[in-house]
Amino acid sequence: MTERELASEILTALATSDVDRVRDLAAADIVMFGTDGGERWDDVASLVDSLKEMRALGLTATWSDDVRNGRGWVAGTAIYRLADGSELPARVSLVFEDGRLVHGHFSVAR
């Protein structure tokens with residue numbers, strides 16, 4: 001799977017709180033930063049726990065057309081859609097090592 005394919009898979013898994021898929025695609029010692037203060041996870045177990053709480057939001061996400069990638073990384077804008085149909089763009093950067101997500105950073109694009 002290419003970095004872009006991995007990035008699409010993990011973006012979908014994170015947005016939809018597909019915890020089994022996140023476990024498959026992320027390293028055990030992942031470091032992930034979210035959009036809100038205090039949103040930092042230092043392992044896949046704590047990340048998965050937080051995703052379970054977010055499942056009720058009914059989120060989906062897709063990449064916009066500004067995605068760039070290089071060896072082991074993908075970055076661009078993701079468009080999150082909430083259950084009510086509203087959209088929230090977020091800047092996302094993902095780092096992969098040996099086919100697994102090792103780092104992610106999300107910030108709200110204003």
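**Salt bridges and a nonpolar core**

User: What does E9 count as, at 33% relative accessibility?

Analyst: E9 counts as partly exposed because its relative accessibility is 33%; buried means under 20% relative accessible area, exposed over 50%, and partly exposed in between (1.4 Å probe, protein chains only). This is a predicted model, where local features need pLDDT of at least 70 and side-chain atom pairs pLDDT 80 or more, while totals for chains, interfaces and linings use all residues. Residues are numbered from 1 along each chain as its sequence is written, and side-chain values use heavy atoms, leaving out hydrogens and water.

User: Which side chain does E9 meet in a salt bridge?

Analyst: That of R21, at 3.0 Å from N to O. A salt bridge here is a side-chain nitrogen of Lys or Arg within 4 Å of a carboxyl oxygen of Asp or Glu. E9 is in helix 1 and R21 in helix 2, 12 residues apart; helices (H or I, at least four residues) and strands (E, at least two) are DSSP runs numbered from the N terminus.

User: Which residues are linked with R21 in a network?

Analyst: E9 and D24. The D24 to R21 bridge is 3.8 Å, N to O, and both residues lie in helix 2, about one turn apart.

User: How many salt bridges in the whole structure?

Analyst: A search finds 5. One of them joins R40 and D42, with N and O 2.8 Å apart.

User: New topic. How many residues has the largest nonpolar core?

Analyst: It has 31. Such a core is a set of buried Ala, Val, Leu, Ile, Met, Phe, Trp, Tyr and Cys residues joined through side-chain atoms within 4.5 Å.

User: Which element gives the largest share?

Analyst: Helix 1, with 7 residues.
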